[in-house]
Amino acid sequence: MVKRFTVDCWECEGHGKYTIGHPNDPSSQENDCLSCHGTGRVVVEDYYNDLAELLEDYPSAKEYEE
Ligand SMILES: [Zn+2]
């Protein structure tokens, strides 16, 4: 069956933000990650029989909650 779950965003590694410029530079800007819209999590849908199988492929996966 199709499982819907969330994983850490691969763009920002779950931080939800990315920084333009060097983090120590006062003129650098923090922006919401475009891939996860600042949540740090992205929703994935895929076919899995059970959660254990899913976790083998996606160790950071959590069951999606509305
Ligand atoms: Zn992200």
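Phe5 stands opposite Val44 in strand S4, where strands are DSSP E runs of at least two residues, and helices are H or I runs of at least four, both numbered from the N terminus. The model you are looking at is predicted, so local features need pLDDT of at least 70 and side-chain atom pairs count only at pLDDT 80 or more, while totals for chains, interfaces and linings use all residues. Residues are numbered from 1 along each chain as its sequence is written.

Strand S1 (residues 2-8) and S4 run antiparallel and are joined by seven bridges; two strands count as paired if DSSP finds at least two bridges between them. S1 also runs antiparallel to S5, with two bridges joining them, and here Thr6 stands opposite Lys62 in S5.

Put together, the three strands make an open sheet in the order S4-S1-S5, with antiparallel pairing. S4 and S5 (62-63) stand at the edges with a single partner strand each, so one side of each has no neighbour in the sheet.

How many of the seven residues of S4 (residues 41-47) are buried? The number is zero, so S4 lies largely in the open. Buried here means 20 or more other C-beta atoms within 10 Å of a residue's own, exposed means 12 or fewer, and partly exposed is in between, with C-beta atoms placed from the backbone.

Now follow the chain onward. Asn49 is found in the loop between S4 and helix H1 (51-57). Asn49 has 9 other C-beta atoms within 10 Å, so it is exposed. Its C-alpha atom is separated by 8.3 Å from that of Lys3, 46 residues apart along the chain.
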